[in-house]
Amino acid sequence: MPAPESPLIIALDYADLGAALQLADALDPARCRVKVGKELFTRVGPVAVEALHRRGFQVFLDLKFHDIPNTVAGAVEAAADQGVWMVNVHASGGRRMMEASAERLAKRGLETHLIAVTVLTSMADGELQETGVSGSALAQVERLATLTLESGLDGVVCSARESARLRELCGAGFLRVTPGIRPASAGQGDQRRVMTPDAAMAAGSTHLVIGRAVTQAADPMAALADIERTLARRS
Ligand SMILES: O=C(O)c1cc(=O)[nH]c(=O)n1[C@@H]1O[C@H](COP(=O)(O)O)[C@@H](O)[C@H]1O
């Protein structure tokens, strides 16, 4: 199956595999990728990834590993051994942790994209400062993206509000995967650094992670079609 050209990654944030696969079966693997995150993976484990691979999807395994270098490198290798398209770690785990993970994939010749979360899109400046980070979310994202690039990873998770700056700072080829995507009509919920799908693409995001705007919609496929239409109008 050829890789989808679409930047869309649909977050299958469900508590059971049946619900996740019900949506997956309505989606077209030629038109989007899917993300398996902490809730679904903790409930059902690798069978979720296997079921999605059997349906032809490229899978982003979003477990945001954050631990000592040896442990994270092993976890990243385990994810790549499942054949996932993308896996992530927390950039705040530091340079040695990220380097060990990238080196482990390179040594094994595994082609899974390895990216790092900079500052969670649910955090605004004030909340970030409560954790001991002085300065703005943007400054911290810039710092961690630079560290991620230097550590040999393929890109970052950031908010679309930082995409333009990171394209400038880290180069166009460095992936900018952006959650916190909200169509104009949707509330922000627990997210803080949000943007609409078309504004995010205009800002330079390479991929858009979309969860509840589709999964919690009364008609998920209509919600997705609306997003696809707004993106098509741009091109
Ligand atoms: O790594 C992620 O995917 C991620 C990083 C981040 O900073 N913010 C963030 O929301 N995410 C994930 O992206 C998805 C966003 O979901 P919605 O807010 O429902 O669109 C969730 O699965 C989050 O776990």
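Leu231 lies in helix H11 (residues 220-234); helices (H or I, at least four residues) and strands (E, at least two) are DSSP runs, numbered from the N terminus. The structure is a predicted model, in which local features need pLDDT of at least 70 and side-chain atom pairs count only at pLDDT 80 or more, while totals for chains, interfaces and linings use all residues. Residue numbers start from 1 along each chain, as its sequence is written.

Leu231 has 17 other C-beta atoms within 10 Å and is therefore partly exposed (buried means 20 or more other C-beta atoms within 10 Å of the residue's own, exposed means 12 or fewer, and partly exposed is in between, with C-beta atoms placed from the backbone). Pro197, Asp198 and Met201 are touched by Leu231, residues up to four places away in sequence not being counted; contact requires C-beta atoms, placed from the backbone, within 7 Å. Ser6 is 225 residues from Leu231 in sequence, yet their C-alpha atoms are 9.5 Å apart in space.

Two helix pairs were examined. Helix H1 (residues 17-26) and helix H3 (residues 46-54) have axes that come within 11 Å and cross at roughly 20°, so H1 is roughly parallel to H3. Axes are lines fitted to C-alpha atoms, for helices over the stretch in contact, and angles between N-to-C directions run from 0 to 180 degrees. Angles under 35 degrees count as roughly parallel, over 145 as roughly antiparallel, 65 to 115 as roughly perpendicular and the rest as oblique. Leu17, Ala20, Leu21 and Ala24 of H1 meet Val47, Ala48, Ala51 and Leu52 of H3. This contact comprises eight nonpolar, no polar and no charged residues (Ala, Val, Leu, Ile, Met, Phe, Trp, Tyr, Cys and Pro count as nonpolar, Asp, Glu, Lys and Arg as charged, and the others, Gly among them, as polar).

Helix H4 (residues 69-81) packs with helix H5 (residues 95-108) at an angle of about 40°, their axes being 8 Å apart; H4 is therefore oblique to H5. Residues of the contact include Pro69, Val72 and Glu77 of H4 and Arg96, Met97 and Arg104 of H5. The contact of H4 with H5 contains eight nonpolar, two polar and four charged residues.

The shell around the ligand divides into nine nonpolar, six polar and four charged residues. Strand S3 (59-65), strand S8 (207-210) and helix H10 (212-215) each contribute at least two residues to this shell. Lys64 is placed in strand S3. The phi of Lys64 is near 45°, a positive value in a residue other than glycine. Most residues other than glycine have a negative phi.

Terms used: Contact = placed C-beta atoms within 7 Å.
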